[in-house]
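Here are my notes on the model, as numbered points. Please read them with the structure open.

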Amino acid sequence: MFRSKRLNSGHLIEADQRYGTRQALGPHAVMLFFTSPAATEPQGYRLHTAWRLFLSAPESDDLPRMLADLTRIAATNIDHTNTTGRWWHPLGPERSMVNGGDMAIGPDAAYVGVGVSTLDSDDGRWYQLARTLREPSATGHRRSAFDLKGRCYLLLTDGTAIDIDRNPHAPLHYDGIRSSKPLDADRPAHWHNPHATLTEQGDYTAREVWRQLTALHHTLAGHLGERPAT
């Protein structure tokens, strides 16, 4: 969870710095998660995260549309694998879906999930918020990018869906995490989880994000789970 929040923060700062330039970033990014065995780590594995930031453009400003486009691209690359016999991996080296993070991982790394970082929040859309940072304030107090919220949606191969609300001004006891499955191994078996149907909750836009993210997740998981032995 910390890694996703940190990536969302980094996404925000980079987008703020590039705002108004030819290299302006869009408000959404995609994250891919992998694990590899690591005997020296307490949990026995190491988490790898690769991501893709998108330049600002109509096709990357609409999150459900962007996810649907990525799913179609992934499916096309998978079909190419079936036709040519040349294995495709979303990290590359050919037709890579990412442009940052852990892009070089070992052959024993396993795909464990996909996520989205978005700068749109319940405070407003990113472009609206970015403009307010640059406008004079009637009170004399100017907000900075560090005052803005962010959000992450994650889907894991064990069926867990996680919604992360990154709020820099939240109380210390608030972690902003909602999960469809318990993240605490000590949680009582009879505990009622109000977020068990997380991907069906929220407004239409949120449900559409979950729907398109699920399609991308299933496409990648189905392909990477069939990777031939090396």
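**Notes on the predicted model**

1. Strand 5 and strand 6 run antiparallel and are joined by six bridges. This is a predicted model, and the points below should be read as such. The two strands make a hairpin with four residues between them. Gly-159, in the turn, has a positive phi of about 95°. Leu-155 has Ala-161 of strand 6 as its bridge partner.

2. Strand 6 also pairs with strand 7 (residues 177-179), again in the antiparallel sense, over three bridges. In this pairing Ile-164 stands opposite Ile-177 of strand 7.

3. How many of the six residues of strand 6 are buried? Six of the six are, so strand 6 (residues 161-166) is largely enclosed by the rest of the structure. In a regular strand the side chains alternate between the two faces of the sheet. Here Ala-161, Asp-163 and Asp-165 point one way, while Ile-162, Ile-164 and Arg-166 point the other way, and all are buried.

4. The side chains of Asp-163 and Arg-151 are joined by a polar contact of 3.1 Å, and Arg-151 lies in strand 5. Leaving out residues up to four places away in sequence, Arg-151 touches a set of residues that includes Asn-8, Asp-120, Asp-163, Asp-165 and Arg-178.

5. Helix 1 (residues 2-18) has 17 residues and reaches 24 Å from its first C-alpha to its last, close to the 24 Å expected at 1.5 Å a residue. Gly-20, with a positive phi near 85°, follows helix 1.

6. Nonpolar packing comes next. In soluble globular proteins, nonpolar side chains tend to be buried together. The largest nonpolar core in this model has 30 residues, and those with the most contacts inside it are Val-30, Leu-32, Leu-67, Val-114, Leu-213 and Leu-220. Two or more residues each come from strand 1, strand 2 (45-55), helix 3 (63-84), strand 4, strand 5 and helix 5. Helix 5 gives the most, with seven residues. Leu-220 touches Leu-32, Ala-74, Trp-88, Pro-90, Met-97 and Tyr-111, not counting residues up to four places away in sequence. A second, separate core of 12 residues includes Leu-12, Leu-119, Leu-129 and Leu-148.

7. The structure holds three aromatic pairs. Why does the pair of Phe-34 and Tyr-111 count as edge-to-face? The ring centres of Phe-34 and Tyr-111 are 5.8 Å apart and the planes are at 70°, so the pair is edge-to-face, the cut-off for that class being over 60 degrees. Phe-34 is in strand 1 (residues 25-37) and Tyr-111 in strand 4 (residues 110-118), so the pair links distant parts of the chain, 77 residues apart. Phe-34 and Tyr-111 are buried.

8. Tyr-153 and Trp-210 form an aromatic pair that is edge-to-face, at 5.1 Å centre to centre with 80° between the planes. This pair links strand 5 (residues 150-156), which holds Tyr-153, to helix 5 (residues 204-224), which holds Trp-210, across 57 residues. Both Tyr-153 and Trp-210 are buried.

Note on methods:
Residues numbered from 1 in each chain as written. Heavy atoms only, no water. Phe/Tyr/Trp six-rings, centres within 6.5 Å; stacked < 30°, edge-to-face > 60°. Buried < 20%, exposed > 50% of the residue type's maximum accessible area, 1.4 Å probe, protein only. Polar contact = N/O pair within 3.5 Å; in protein donor to acceptor, adjacent residues only side chain to side chain. Contact = heavy atoms within 4.5 Å. Pairing = 2+ DSSP bridges. Core = buried A, V, L, I, M, F, W, Y, C linked by side-chain atoms within 4.5 Å. Expected span 1.5 Å × (residues − 1).
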